[in-house]
Amino acid sequence: MSANIVLDAEIRTETGKGVARRLRSAGRIPAVMYGAGEPVSLSLSSKEFTRAWERDGAAHGLIGLNITGGGKTEKKNVVLRDLQQDWVTGRIIHADLYETQKGHKLSVTVNIHLVGDSPIGVRESQGILQQMMHEVEIDCLPDAIPDALEIDASRLDVGDSLHVSDLTLPEGVHIHAAPDATVVAVSASRVAAADTETEAGGEGAAEGGEAAGE
Amino acid sequence: MLSPKKIRHRKTFKGRMKGAASSGNSLAFGDYGIKADGCGWITSRQIESARIAMTRHVKRGGKVWIRIFPDKPITKKAQETRMGKGKGSPEYWVAVVRPGRIMFEMGGANEEMTMGALRRAVAKLPVPCRIVKREEH
């Protein structure tokens, strides 16, 4: 069970709002690690962690932590369980890390990737490809976390859809979502709909029904 | 234009716009969106105008999601009316937008077309905005 991403972390003894703010202004992210034993408060380098999260796939993979504190260094494997972000600036403000244990299954979210050519419905009938589900929660062993789950949407025509049950799963992986939940669908575009309808009905009629208000 | 079908109170207080958006702050439907960088009232006319700008640019291809709804009535006193004699009558509807709020989303069109459409929509809005893209982590 080895992690591709390795980060340095420091144990922090002080907690609270003021401490967290001081850490952030010093270029560090407050974090907590739990899962096996008592929860431990940590701090991570903001730059390193952001790079790992944005580029190296730390959001869905195994992370190796070198934890220093109390005069000793300890190595732990963790997964990212939760992340708090400032939604205006995009800055990461806190991370929840879940300590993995060898032989114990854990829940992680993995991305869903569309593979293959663009669907028939998009190429030939000007349909719109919509991916309803971009990630899914799975149960698996820590060393068997897949990079992503793949689904081939190339055979979809207008009105067709693929569901969770159509995802190709690696061995030992179990999905939480309902098997009939829609992952990807091809719907008719308004261009195609306007071609079939002889009466125009004005712009308002053609564009109506797309407002998904709250 | 968007407006509520049924309301509990005809007139509301002005209110204050403090802090950032606590919900509706991430892309939920499309691959691209318009995020507010400031706070303000978006009228139903502005929402409609932005929607038309987007749909016309993508030539009715793609799909647009409107993530805000104008549910706040704004009153106005009639012209040449002396002050007092009670609150004015409802004139139009607005959506209260705080920083971080995703107001519109788009999907189903190529990147160049979508960005062009969203830029046109941003020009119709009275708050500072940013175009955001779905990123996979």
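The buried residues of helix α2 in chain B pack against β1 (32-36), α1 (44-57), β6 (102-107) and β7 (129-133) of chain B, where buried denotes under 20% relative accessible area, exposed over 50% and partly exposed the range in between (1.4 Å probe, protein chains only). Helices (H or I, at least four residues) and strands (E, at least two) are DSSP runs, numbered from the N terminus. In α2(B), the buried positions are Thr114(B), Gly116(B), Ala117(B), Leu118(B) and Ala121(B). This helix (residues 111-122) has 12 residues and spans 16 Å from its first C-alpha to its last, close to the 16 Å expected at 1.5 Å a residue; the expected span is 1.5 Å times one less than the number of residues.

The model is predicted, so that local features need pLDDT of at least 70 and side-chain atom pairs count only at pLDDT 80 or more, whereas totals for chains, interfaces and linings use all residues. Residues are numbered from 1 along each chain as its sequence is written, chains are lettered from A and ligands numbered from 1 in the order in which they are written, and side-chain values use heavy atoms, with hydrogens and water left out.

The mean pLDDT (the predictor's confidence in each residue, from 0 to 100) of chain A is 83, and 87% of its residues reach 70 or more. Over residues 198-214 of chain A the pLDDT is below 50, and this stretch has 23 contacts in the model beyond near neighbours in sequence, a contact being heavy atoms within 4.5 Å.

A nonpolar core is a set of buried Ala, Val, Leu, Ile, Met, Phe, Trp, Tyr and Cys residues joined through side-chain atoms within 4.5 Å. The largest such core has 23 residues, and Val136(A) and Ile138(A) have the most contacts inside it. Two or more residues each come from β7 (106-115), β9 (135-140), β10 (148-152) and β13 (182-187) of chain A, with the largest share, 4 residues, supplied by β7(A). Leaving aside residues up to four places away in sequence, Val136(A) touches Val108(A), Thr109(A), Val110(A), Ile112(A), Leu149(A), Ile175(A) and Ala177(A).

Strands β7(A) and β10(A) pair in the parallel sense over 5 bridges, and Leu114(A) stands opposite Ile151(A) in β10(A). Elsewhere in chain A, β4 (residues 62-69) and β5 (residues 72-85) pair in the antiparallel sense over 8 bridges. These two strands form a hairpin with 2 residues between them, and Gly70(A) in the turn has a positive phi of about 65 degrees.

The structure holds 7 salt bridges over all chains, each defined as a side-chain nitrogen of Lys or Arg within 4 Å of a carboxyl oxygen of Asp or Glu. Arg67(B) forms one with Glu105(B), the closest N and O atoms being 2.3 Å apart. This pair links distant parts of the chain: Arg67(B) lies in the loop between β3 (63-66) and β4 (72-76) of chain B, and Glu105(B) in strand β6 of chain B, 38 residues apart. Arg67(B) is buried, with a relative accessible area of 7%, and Glu105(B) is buried at 0%. A further salt bridge joins Arg51(B) and Glu48(B), with the closest N and O atoms 2.9 Å apart. Because Arg51(B) and Glu48(B) are 3 residues apart in helix α1 of chain B, about one helical turn separates them.

Methods:
Two strands pair if DSSP finds at least two bridges between them.
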